[in-house]
Amino acid sequence: MSLLHLAIFSPFLMAILVPFFYKGLRSIHTGWFVLILPILLFTYFIGFLPVTRHNQAVEKSFDWIPSLGIRFTAYVDGLGLLFALLITGIGSLVVLYSIFYLSKEKESLHNFYVYLLLFMGAMLGVVLSDNLITLYMFWELTSISSFLLIAYWYDRERSRYGALKSMLLTVFGGLSMLGGILLLSIMGDTFSIRELVSQAGELNGHPLFLLALILILLGAFTKSAQFPFYIWLPDAMEAPTPVSAYLHSATMVKAGIYLVARLSPIFAFSSYWFWIVGAIGIFTMFWGSFNAVKQTDLKGILAFSTVSQLGLIMSLLGAGAAALHFDSLNDNIYIAAIVAAVFHLINHATFKGSLFMVVGIIDHETGTRDIRKLGGLLSFMPITFTIAVIGAFSMAGLPPFNGFLSKEMFFTGMIQLLDLDILNLQTWGLLFPVLAWVGSIFTFIYSMMFVFKTFSGKYQPEKLEKKPHEAPIGMLISPIILAALVILFGLFPNLLSYTLIQPAAAAIVPSLVAPGEQLPVHISHWHGVTPELMMTIGVVAVGILMYVTLNKWIKLYTLFPGKVTLNALYDTSLYAAERGSYTLTKAYMNGFIRTYLVYIFVFFIGILGFTMWTQNALTIDKSNLAPIGVYEIVLVIIIAAGIFTILFAKSRLTSIIALGAVGYTVSLFFVIFRAPDLALTQLVIETVSVALFLLCFYHLPKLNRHEERMGFKLGNVIISVGVGAVITLMSISSHSNKMFDSIANYYIANTYKEAAGKNMVNVILVDFRGFDTLFEISVLAIAGLGIFGLIKLRLAKKGEEADEN
Amino acid sequence: MEILMSIVIGALFASSVYLMLSKSLLRIIIGTGLLSHGAHLLIITMGGLKRGAAPLLGEKAASYVDPLPQALILTAIVISFGVTALFLVLAYRAYQELGTDNMDEMRGNEAND
């Protein structure tokens with residue numbers, strides 16, 4: 001345990017305290033107490049910057065499950081630190097914002113902050129673990145806390161639906177990822193990421209390599225909402241807006257990005273990695289932005305926008321994989337793609353975070369998020385409007401904001417793929433820049449919609465629940481800080497380049513960076529008249545044209561049939577799975593105990609018969625049989641008669657007496673078989689049993705066959721004869737096959753010596769196996785209590801009835 | 001003798017299974033009674049029959065029958081009595097509360113499906 005581990009666990013510890021703050025200090029918003037922690041953690045992690053900026057790392061480790069080789073190794077390098085700063089930094093702002101967003105009177109704040117802290121700790125664990133098993137554990141914990149946060153308003157049906165959907169999809173991906181992790185550990189014989197990275201070359205040719213790659217990517221793609229798994233993210237917007245800003249745009253959905261970046265050194269040399277990550281990423285980028293335009297809910301726009309931006313970062317990481325196909329840093333233009341990915345990751349967190357907070361403000365102050373009802377809010381909310389403009393223009397990729405810079409670098413990365421003569425890029429490579437460009441146009445359109453449909457246009461007070469006004473200052477602080485960062489990073493991007501971006505990028509492509517060397521990361525605003533600039537101008541020109549004519553072509557979206565969407569597929573398959581399992585269970589669990597007995601008996605016949613058949617146990621050894629005397633034959637006839645009487649008796653009394661007769665005959669058998677104790681006990685017990693039967697006789701129902709049909713009887717006969725036959729065969733077989741000597745000789749020899757008794761059976765019961773007898777008595781006592789309880793229960797109930805009367 | 005006993009045991013088991021599969025409560029209880037008789041005889045038969053004197057050292061015999069199955073059966077007899085007694089009271093109470101001894105009418109509560 002070290003301070004670093006404590007930092008990772010501190011949110012969990014804080015979560016324990018939250019309910020006490022909530023109960024004890026109701027007058028103060030619980031968020032104020034929680035706020036202290038992420039700020040402290042943020043400053044703590046800032047302290048690591050001097051270490052990581054020289055591409056060094058801090059490592060602290062302790063054994064968690066040593067027998068399985070699982071250590072909890074906390075490892076802070078450039079990439080981990082970047083995420084840790086995002087988690088704690090955005091976390092602080094979100095907690096501050098939530099204090100004003102969630103009313104302390106109406107909301108169950110203790111739940112909210114416990115879940116939020118749970119998430120914060122889990123996320124820190126994901127990005128700071130070097131061990132894949134601890135990473136996986138924290139990974140699933142983020143899914144669980146996300147589930148809890150989406151379902152925070154659990155009385156809403158849509159919240160529960162969204163929570164379940166995100167849970168099913170992300171946990172499916174998580175389990176796939178676990179499979180991939182296990183395959184990796186089989187191949188490399190370690191769970192440590194760095195040790196695996198050092199064996200990347202050998203792993204590449206392994207037969208399990210491709211399977212591990214696909215399974216791990218399933219985890220990353222479900223978490224980061226890539227096509228076709230993105231469908232959970234729009235439904236996750238049912239969560240309170242601070243949660244959407246935090247989990248579903250800035251941090252948790254980037255865990256998949258993190259995983260891809262972190263494992264790039266292992267997988268990136270494979271062309272499968274390049275194609276899957278790059279193609280899925282770029283298609284998601286296009287598909288998300290294309291779908292965002294048809295949304296009418298502001299959060300819906302932002303959700304699809306997040307999907308699209310995550311795809312953008314993913315495609316850059318895919319393109320960056322090409323960098324590994326070159327040995328040296330010199331003239332390695334593909335590193336630009338990795339740098340762009342890291343830079344855009346930061347930018348997206350800032351502008352998308354501020355935009356979500358803007359939506360929260362609009363929702364809070366007007367009561368709706370529907371752009372068909374909103375409009376003309378500019379005069380009521382000038383500050384919010386300014387923030388929205390900064391965020392949305394940055395998202396659209398306009399200068400001078402940071403989104404412009406990373407969007408240019410994104411175009412560069414995509415265009416450079418055209419020059420690549422490896423990985424079969426000549427044929428399909430052109431699709432990358434084309435999709436990037438088309439996706440950017442739609443990004444531009446929905447960014448404009450976001451601003452102008454809300455703030456300009458006609459003000460419709462009759463459609464709003466409340467009269468809009470500017471948000472309280474507390475709610476504005478966080479988005480203002482983020483918007484300020486958007487401008488700051490836009491104007492002075494090189495503040496970040498060697499502090500955060502270079503170390504993180506170096507961690508993604510460690511094999512290219514020699515010790516002491518640094519990746520060339522210099523971000524500039526003006527590169528001259530380049531294809532990228534022309535693309536941006538094209539985006540703006542076409543975007544404006546299409547935005548103006550939006551009403552003319554928006555109907556095109558209705559051409560897509562609603563029934564063949566991925567959501568419909570999810571709903572139908574979930575419904576089918578529920579119905580199917582219900583029908584299946586209904587079919588064999590029909591509520592009749594008799595049916596279950598039939599299953600048991602049929603299984604019994606099948607499994608024992610099969611075993612005896614395959615083990616050649618069906619032998620009869622006639623050499624060692626005991627002789628049959630006259631008494632025995634008489635007794636056998638009596639038993640047979642008893643059985644027949646019971647089976648065909650019409651009256652209760654006859655069957656009870658026949659049962660008694662069988663019991664007494666059994667005790668006579670015991671006499672013949674030299675078991676005097678058994679004979680005595682059986683006699684006593686049988687007498688008491690018959691007495692008990694007769695005692696209950698008066699209360700028991702008439703012996704009724706309940707009109708059993710012939711078919712019913714026949715089935716029972718077959719099953720019962722089958723059981724009888726198997727038992728007979730088993731008994732004969734046990735006589736004929738002696739696998740080892742009896743252990744009886746020990747008891748015969750030691751009964752007197754060890755226990756000073758002469759009756760072996762008695763000595764075994766009370767001495768050698770004394771505890772067994774004790775437990776047997778306990779069972780009897782329990783049965784006795786049960787009987788007593790059953791009788792008493794009735795008396796109590798009757799007593800109550802008497803009282804009522 | 002062992003083979004004959006095996007057949008008797010098989011018959012006891014078969015009839016008890018048949019009774020347990022019927023719909024009437026009382027027949028099911030009688031079935032369990034027969035089942036325990038069959039099980040006891042099965043255990044003692046498996047240990048081998050009539051291979052010496054009763055397991056009492058006072059007999060001073062050269063060989064004794066296996067005492068271990070007898071100890072097991074002794075326990076089993078007592079337990080089966082406890083089970084029968086509990087079953088009887090349970091059947092009696094069920095009949096009183098539900099007004100039927102037909103297993104088909106005692107299905108799990110439909111509302112809980």
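Guide: Let's start with a term: accessible areas here come from the Shrake-Rupley method with a 1.4 Å probe. Keep in mind that this is a predicted model. On that basis, the accessible surface of chain A is about 35,100 Å², and carbon and sulfur atoms account for 69% of it. Of the chain's 805 residues, 55% count as buried.

Now for the setting. Chain A contains 33 helices and two strands. Its C-alpha trace spans about 115 × 75 × 55 Å along the principal axes. The radius of gyration is 38 Å, whereas a compact globule of 805 residues would come out near 28 Å. If you take contacts between residues at least 6 apart in sequence, 79% of them join residues at least 24 apart.

The part to zoom in on is helix H10 of chain A, which runs over residues 209-223. From its first C-alpha to its last, this 15-residue helix reaches 21 Å, close to the 21 Å expected at 1.5 Å a residue. So how enclosed is H10(A) by the rest of the structure? Largely, because 11 of its 15 residues are buried, and buried means under 20% relative accessible area. Among them are A:Phe209, A:Leu213, A:Ile216 and A:Phe221. A:Lys223 is on the buried list too, along with A:Gly219 and A:Thr222. Here's a handy rule for looking along a helix: an α-helix has 3.6 residues a turn, so residues three or four places apart point the same way. Finally, look just after H10(A), where A:Ala225 takes a positive phi of about 55°.

Conventions. Residues numbered from 1 in each chain as written. Chains lettered and ligands numbered in written order. Predicted model: local features only at pLDDT ≥ 70, side-chain atom pairs only at ≥ 80, totals over all residues. Heavy atoms only, no water. Helix = DSSP H or I, 4+ residues; strand = E, 2+ residues; numbered from the N terminus. Rg over C-alpha atoms; globule rule 2.2 N^0.38 Å. Buried < 20%, exposed > 50% of the residue type's maximum accessible area, 1.4 Å probe, protein only. Contact = heavy atoms within 4.5 Å. Expected span 1.5 Å × (residues − 1).
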